[in-house]
Amino acid sequence: MSEHQLKDALDSLKQTGVRITPQRHAILEFLVDSMTHPTADDIYKALEGKFPNMSVATVYNNLRVFREVGLVKELTYGDSSSRFDFVTSDHYHCICEKCGKIVDFHYPGLDEVEALAAHVTGFKVSHHRLEIYGMCNSCEKNETH
Ligand SMILES: [Zn+2]
Ligand SMILES: [Zn+2]
């Protein structure tokens with residue numbers, strides 16, 4: 001499954017004319033496998049052993065390239081650093097308020113909410129973001145043991 005996703009991602013990079021360097025390949029692979037919505041720093045730490053000359057800035061620049069071709073979404077949270085999400089299908093996020101973990105869940109896109117918002121406000125709606133906050137399983141266990 002993730003093998004397939006990686007191949008698709010590499011194909012669409014090729015189609016947009018983006019050069020696939022070993023670093024880009026590794027970053028994509030990490031994003032597809034991890035499913036954890038890592039920060040650029042997380043990715044850097046995971047891959048620095050493999051690419052000693054790579055900097056966090058390089059990772060970030062590559063992520064920006066992926067974002068521009070629509071392979072990843074950048075999730076910004078005010079002052080803390082961005083998290084990166086490999087785009088599969090539309091999904092929403094549950095976010096743990098204790099440890100910051102982000103977990104995907106699938107729910108039909110709220111198109112009718114967008115349509116209503118556009119109708120009421122006259123906005124040309126581009127997208128929306130829905131996040132559910134709470135405490136994840138492991139944090140809850142730690143609280144109650
Ligand atoms: Zn947690
Ligand atoms: Zn996600």
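The model is predicted; local features need pLDDT of at least 70, side-chain atom pairs count only at pLDDT 80 or more, and totals for chains, interfaces and linings use all residues. Residues are numbered from 1 along each chain as its sequence is written.

**Packing of H3 and H4**
- Helix H3 (residues 40-47) packs against helix H4 (residues 56-68) at about 120°, and their axes are 9 Å apart; helices are DSSP runs of H or I with at least four residues, and strands are runs of E with at least two.
- Axes are lines fitted to C-alpha atoms, for helices over the stretch in contact, and angles run from 0 to 180 degrees between N-to-C directions.
- H3 and H4 are therefore oblique to each other, a term for angles that are not under 35 degrees (roughly parallel), over 145 (roughly antiparallel) or 65 to 115 (roughly perpendicular).
- Ala40, Asp41, Ile43 and Tyr44 of H3 meet Val56, Val59, Tyr60 and Leu63 of H4, where contact requires C-beta atoms, placed from the backbone, to lie within 7 Å.

**Nonpolar core**
- The largest nonpolar core contains 14 residues, and Leu31, Leu63 and Val72 have the most contacts inside it; such a core is a set of buried Ala, Val, Leu, Ile, Met, Phe, Trp, Tyr and Cys residues joined through C-beta atoms within 7 Å.
- Helix H2 (22-34), H3, H4 and strand S2 (80-86) each supply at least two residues of this core.
- H2 gives the largest share, four residues.

**Leu47**
- Leu47 lies in helix H3.
- Beyond residues up to four places away in sequence, Leu47 touches Ala26, Ile27, Phe30 and Met54.

How values were computed. Chains are lettered from A and ligands numbered from 1 in the order in which they are written. Two residues are in contact if their C-beta atoms, placed from the backbone, lie within 7 Å. A residue is buried if 20 or more other C-beta atoms lie within 10 Å of its own, exposed if 12 or fewer, and partly exposed in between; C-beta atoms are placed from the backbone.
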